[in-house]
Amino acid sequence: MNARTSFADLADSRRRLLAVVVGVPLSLLVLYAFIYGLFPVLYEVFWGATCGAVGSWLVCSGFLQRGFTTGLLIGIAAPIVGTYLVNRQMALIGEALAHTAFAGVAIGIFLGSFVEWQSLPLFAALVVAALAALGIQYISVHTDSNADVPIAIMLTGGFALGIAVVSYGVAFGREINSYLFGDILFVPFGNVQLMVGLTVAVLGMVGLTHKQLLFITFDREAARIARIDVWFYDTLLIVLTALVIVAAMQILGAILVAAMLVVPVAAAMQLTNSFTQGMGLSVVFGELSVILGILFSYQWSIATGATIVLTAIAIYLVALAISR
Amino acid sequence: MNVIEAEGVTFAYDERPVVEDVSLTVEEGEFVGLIGPNGSGKTTLLKLLLGLQRPDSGTVRLFGEPTGEFSDGERLGYVSQKSTDADRSMPITVREVVTMGRYPHVGLRRLREEDREIVESALDRVGIAHLADRRINRLSGGQKQRTYIARALASEADLLALDEPTVGVDADSRDRFYDLLNELNERGITIVLIEHDIGVITEHVDTVVCINRELLHHGSPDAFAESDALARAYGLEGTDSRLPVRNRTA
């Protein structure tokens, strides 16, 4: 019996290895083809049609088209990842990662004076935020401190590093501001494509591992007894968070970005008994916040990141009032 | 086959020994009650037996495999003492919780129709099918514990470990809960249960394990009643905990 089990295990692990070796490069290839081949076409068709139908500057300007697209993608990915975080009492981790991502942006812009690549700041932010995510994970596993201590250290440390690089480097002016406070008019098409890639990657990973992420969110001890690799899925979740944060930073800014992970989710949690329904509802609220936020910001000429967050909080208050 | 084999298991938090040199076996189909005074290391011992903690010395085998290498998570069902933070605040339905029992089976693939059928029949078997769409933190203590039992059934667990499952549950529901456990045990599920109410334990279990850091009794409830293990377990509190105590097995 033992021999048979081990043969089965061997076959199983071979199959898994094959799935990884073939599956990962293949899905990356498909993703690449989608981002650089199909997506630009879809994008043209969609906004062409929308502009033809509505005919307002709001949907015909290239700046706003890029901003809207990025915003809509954020409205999907951020609340999905946020649903796990909020239910694990990790609402502030997004804030910490955003501030370290800011350091990455500063480094990227600094390097940008030597290298010509428009998406370099965002890419640098991605790398630094992912490293910070692993760092937080490492500290929380290897020290006895509460989770909020490493978060506080990362948050302030990341921001301090960012400011240090900014003050050392050349005058960055508008570009730094756009990453600090978000700027819907400052999203190059390359960043929209990066955003698409990140969103698809996040959705794909969550689709694949939702069951495990839910299990460790709800009951870590039972998950460990069920022999689910809690450490691996913790790390995966925190890295996914870093990806979403960097993606969302362009519109909302490093300071406000965590709101998209938390506020729509908090609103949805007031109105549902079911985790999966809550996740769906939080995406609806996320999209609503982005669309209304952009419209209000246009209407009253207020900073877009701020109006999106304020709209999300208004939705939360309404949800709170309804649930009472 | 032995479900659990522990040999010379010792565990300390920092320098403070919590479990010392405990050896015991749990056979397939046994219903074991684990008792001891507060702080006697019952919960720690249960966690050691399930592989949630690694012993400082000694070994634990689950279904013949060392706990560190044991990978058939679906064979273990666990009902913990206190609610987790999440199950107090998180919106999640009873059915969603019970469905988690299928997760170790399905891995990364999607849930199939048969998984859903198993979940429904588990809900049915513990008598909470009518609560399936309710939010878990709106349930009573007894109903919550039934939910976790259903999760273990959905997982098709062979071993069910429960840590004081009936704390804060009224006497009537507690009796029905133990009837359910007896019924599951008769169908072949091995049960290890921590319980503070000694009267309840001796009424329902096959074997009593009594510890206070060290193993004081391992045998039938009748032998336990006749032995002085209880007095020694509870009498040791507050006295020199290094007092040598000889193991007594029935």
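Analyst: Helices (H or I, at least four residues) and strands (E, at least two) are DSSP runs, numbered from the N terminus. This is a predicted model, in which local features need pLDDT of at least 70 and side-chain atom pairs count only at pLDDT 80 or more, while totals for chains, interfaces and linings use all residues. Residues are numbered from 1 along each chain as its sequence is written, chains are lettered from A and ligands numbered from 1 in the order in which they are written, and side-chain values use heavy atoms, with hydrogens and water left out.

User: What is the phi of E156(B)?

Analyst: It is near 55 degrees, a positive value in a residue other than glycine. E156(B) counts as partly exposed at 44% relative accessibility. The scale is as follows: buried means under 20% relative accessible area, exposed over 50%, and partly exposed in between (1.4 Å probe, protein chains only).

User: Is E164(B) buried or exposed?

Analyst: E164(B) has a relative accessible area of 9% and is therefore buried. This residue belongs to the loop between β7 and α7 (171-186) of chain B.

User: How is a helix to be read, and which residues are buried in α5(B)?

Analyst: An α-helix has 3.6 residues a turn, so residues three or four places apart point the same way. In α5(B) the buried residues are D115(B), V119(B), A122(B) and L123(B). They cover an arc of only 100 degrees around the axis, which puts them on the same side of α5(B); the arc is that of the directions from the helix axis to the C-beta atoms. E113(B) and D124(B), on the other side of α5(B), are exposed.

User: What covers the buried residues of α5(B)?

Analyst: The cover includes α3 (94-99), α4 (103-106) and α6 (141-154) of chain B. As for length, α5 (residues 113-125) of chain B has 13 residues and reaches 18 Å from first C-alpha to last, close to the 18 Å expected at 1.5 Å a residue. The expected span is 1.5 Å times one less than the number of residues. After α5(B) comes G127(B), with a positive phi near 75 degrees.

User: How many residues of α3(A) are buried?

Analyst: The count is 20 of the 26 residues, so α3(A) is largely enclosed by the rest of the structure. From its first C-alpha to its last, α3(A) reaches 38 Å, close to the 38 Å expected. Just after α3(A), Q89(A) takes a positive phi of about 55 degrees.

User: Which side-chain oxygen reaches to a backbone nitrogen at the start of α3(A)?

Analyst: A side-chain oxygen of S61(A) comes within 3.3 Å of the backbone nitrogen of F63(A). A polar contact is a pair of N or O atoms within 3.5 Å; within protein, one must be able to donate a hydrogen and the other to accept it, and residues adjacent in sequence count only if both atoms are side-chain atoms. N87(A) also lies in helix α3 (residues 62-87) of chain A, and a polar atom of its side chain is 2.9 Å from the backbone oxygen of T83(A). N87(A) counts as buried, at 6% relative accessibility.

User: What is L58(A) in contact with?

Analyst: Contact means heavy atoms within 4.5 Å. Leaving aside neighbours within four places in sequence, L58(A) touches L64(A), F68(A), L295(A) and Y298(A). L58(A) is part of helix α2 (residues 57-60) of chain A and counts as buried at 12% relative accessibility. L58(A) and F68(A) are 10 residues apart along the chain, with 9.4 Å between their C-alpha atoms.

User: How many disulfides are there over all chains?

Analyst: A disulfide is a pair of cysteine sulfur atoms within 2.5 Å, and the count comes to one over all chains. C51(A) and C60(A) form it, with sulfur atoms 1.9 Å apart. The link is right-handed, with 105 degrees about the S-S bond. C51(A) is partly exposed at 21% relative accessible area, as is C60(A) at 30%.

User: Which domains does the domain assignment of chain A give?

Analyst: Domain bounds come from an automatic or database domain assignment. For chain A, the assignment gives domain 1 (82-255) and domain 2 (259-324). The contact takes 16 residues from domain 1 of chain A and 14 residues from domain 2 of chain A. The C-alpha centres of these two domains lie 21 Å apart.
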